[in-house]
Amino acid sequence: MNGEVKKGYVRGLDIKNGRVDMSHGSGGRAMAQLIEELFAAAFDNEYLRQGNDGALLPTAGGRLVMATDAHVVSPLFFPGGDIGCLSVHGTINDVAVMGAKPLYLSASFILEEGFPLADLQRIVQSMAAAAREAGVPIVTGDTKVVEQGKADGVFITTTGVGVAMDGVELSGSNVRPGDVILLSGSMGDHGMAIMSRRENLAFEVPIESDTAALHHLIAAMLETGADIRCLRDPTRGGLATTLNEIAKQSSVGLMINEEAIPVKPVVAAACEFLGLDPLYVANEGKLIAICAAADAERLLEVMRAHPLGGDAAIIGLAHADPHHFVQMKTAFGGRRNVDWLAGEQLPRIC
Amino acid sequence: MKYIDEFRDGELAKNIVANILREAESGKRYSFMEFCGGHTHAISRYGIADLLPANVRMIHGPGCPVCVLPIGRVDQAIRLALERKVIVCTYADTLRVPASDNLSLMRAKARGGDVRMIYSPQDALKTARDNPQREVVFFAIGFETTTPPTALIIKQARDEGIANFSVLCNHVLTPAAITHILQSPEVRQYGTVPLDGFIGPAHVSVVIGSQPYEHFAHEYRKPVVIAGFEPLDVLQAILMLIRQINEGRAEVENEFTRAVTREGNLKAQAMVSEVLELRRSFEWRGLGEVPYSALKIRPAYVLYDAETRYGIGYKPVADNKACECGAILRGVKKPQDCKVFGTVCTPENPLGSCMVSSEGACAAHYSYGRFRETV
């Protein structure tokens, strides 16, 4: 007797009707089964198959980039995506905007007791599909279960490791007066897709989240050799907040042109209806690029040629400003500050 | 966006501005108060002040609902959440209004109070239906625009026999506040607030109509132009006010004809007067006690009156001494005249209520217009 139960005698997880219970986080056989039948089955790759406490990875050489992101979005499933693919895209993007090729991901799950296994499987399969499509394997992970009421279904933390491309130096502190600000596409899609499914606010609009992995678009942009100073994905706090971060880091002023900023009419209308400003609404598949003026048109062309940058636009310029304000020329003909997001426009957006 | 973009058209704006520049006589003073926070927001957001000549000045009025909510009223809601353990439902801006003991409803939530942000009063009633074992209070604030929906849910609660629901009613009245400003010593005696006319409220007037303002035009000889909240509405209203002054008229004119009639929404008015009645007096932040300026729940609906139900008395609390919200709400001072503006008091950490809502004079100036002081 070696303590193992013969495979044929173990009942599989009841994915259809089963729910997460405390034993799934106990470290015992129930946990092993959950990991094996649900997580490992979906994420399967050679590093995960090692089955050890950590993944043993070949060294990449060069400079490593590492980023981590916790995901607590509510609702878990929303038009255009779910917490699973979002948690893969979000971390890949954080690594990629550093000018790095994302290589590996880790995933850590906090599950609430009572969470339906069917929903968990749907989320895990969505993660697996996103990781496979991006070509970035999930190589290690962790699962914890907390009592009912101590979490909200599932929280997912992913960490990404990548290797920075040679000669690429991207930082929010690199921007100089005269540089040009580019945007890869329309603002506010993710935030408004979430908003449209909030329990107390459901409204019928054809808005889908823009959640997507941007590393291929970024690789194409870097290949042009354009003098890119900084890349950022405007997630929480939206375009306005991200631009303020950059203005502060680089000690410059930024002037954007309202009419140049792409916003889908349906998103603009939903924002108007709810009293929100699309410049402050989260995106999950868009990037801001700031580059030397001479390279802007060339970079724009490459962005527009990529499926994730079809609506790319030049939206403004950096200038010298001791106050590091972000300002906007309004479509109305006036000028105004575009300030940091104050308070909470929309909780638990990602 | 159809029916929105038309009222934000930059080319049309240029035409109106050209008329304003031509018709505003250089020797004359044109000081207009926009009563509503909605107008304050539009003026700041679209940079309208930049488009006006120097002798046409806009003074921000007290028409921002969370700005005029006194500390003592927020304290009541916080006590209900923390001491009585009720679910307090309210609008988003209300959550951040600073109250006593360095608290706000949002901070009360962090201390274990069950405080929920809602978009519609119907959601408060739904919360009560969904939580029959809990007591639910809707912390109702706002001018005449938000009053009918409050009256409606009180009526619905009674019709449906929802016993775990009540309303902490803080609805206030626009005409009473305008009267108060017109009678204030700053306007009548000292002339520290030069006031030559009003831009009348948009949404409030949809409910109450244009008729209530006729009194101000006739009695106080102040022109009133009711205007929508879009930037072109505001510019057009300014032009109409300039014309009234040039022609020596003091009338109520309606720029917002696409939504406002003289009588207003009679059905909504009837609903409100069935459920709510005048308070003898009500404290406003900045204005102090204003007679007959707010509404309370009628005795017939007393079961749904949170003030009575929980026996919470009202205790006035003085504003922070450094805060100039009071003077700003009366039009006596500008946000940048306040020592704590942009230093101790910011949208992240508001000391005074005018820094909370995007309709507040201080928050609007901080968020949209700060670059003006630096050039």
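Two strands pair if DSSP finds at least two bridges between them. Helices (H or I, at least four residues) and strands (E, at least two) are DSSP runs, numbered from the N terminus. The model is predicted: local features need pLDDT of at least 70, side-chain atom pairs count only at pLDDT 80 or more, and totals for chains, interfaces and linings use all residues. Residues are numbered from 1 along each chain as its sequence is written, and chains are lettered from A and ligands numbered from 1 in the order in which they are written.

View 1. Strand β12 (residues 326–329) of chain A runs antiparallel to β13(A), and three bridges join the two. Met328(A) has Arg336(A) of β13(A) as its bridge partner. The open sheet has seven strands with mixed pairing, in the order β8-β10-β7-β11-β9-β12-β13 of chain A. β8 (228–232) and β13 (335–337) of chain A are at the edges with a single partner strand each, so one side of each has no neighbour in the sheet. From one strand to the next, the twist averages 25°; angles run from 0 to 180 degrees between N-to-C directions, and axes are lines fitted to C-alpha atoms, for helices over the stretch in contact.

**View 2. Packing of helices α1 and α3 in chain A.** Helix α1 (residues 29–43) of chain A packs on helix α3 (residues 117–134) of chain A at an angle of about 20°, and their axes are 8 Å apart. α1(A) is therefore roughly parallel to α3(A) (angles under 35 degrees count as roughly parallel, over 145 as roughly antiparallel, 65 to 115 as roughly perpendicular and the rest as oblique). α1(A) supplies Leu38(A), Phe39(A), Ala42(A) and Phe43(A) to the contact, and α3(A) supplies Leu120(A), Gln121(A), Val124(A), Gln125(A), Ala128(A) and Ala131(A). Two residues are in contact if their C-beta atoms, placed from the backbone, lie within 7 Å. The contact of α1(A) with α3(A) has eight nonpolar, two polar and no charged residues. Ala, Val, Leu, Ile, Met, Phe, Trp, Tyr, Cys and Pro count as nonpolar, Asp, Glu, Lys and Arg as charged, and the others, Gly among them, as polar.

**View 3. Crossing of helices α7 and α13 in chain B.** Helix α7 (residues 147–160) of chain B and helix α13 (residues 266–275) of chain B cross at roughly 55°, and their axes come within 9 Å. α7(B) and α13(B) are therefore oblique to each other. On the α7(B) side are Thr147(B), Pro148(B), Ala151(B), Leu152(B), Ile154(B) and Lys155(B), which meet Ala268(B), Met271(B), Val272(B) and Val275(B) of α13(B). Eight residues of this contact between α7(B) and α13(B) are nonpolar, one is polar and one is charged.

View 4. Chain B is divided into domain 1 (5–64 + 193–254), domain 2 (71–174 + 264–309) and domain 3 (325–367); the bounds come from an automatic or database domain assignment. The centres of domain 1 and domain 2 of chain B, taken over C-alpha atoms, are separated by 32 Å. In chain B, 11 residues of domain 1 are in contact with 11 residues of domain 2. β2 (56–63) and α10 (203–208) of chain B are the elements that give two or more residues to the domain 1 side, where α10(B) gives the most, with six residues.

**View 5. Side of chain B that touches chain A.** Contacts link 26 residues of chain B with 20 residues of chain A. At least two residues of the chain B side come from each of α1 (10–23), α2 (37–45), α3 (48–51), α16 (361–368) and α17 (371–374) of chain B. That side has 12 nonpolar, six polar and eight charged residues.
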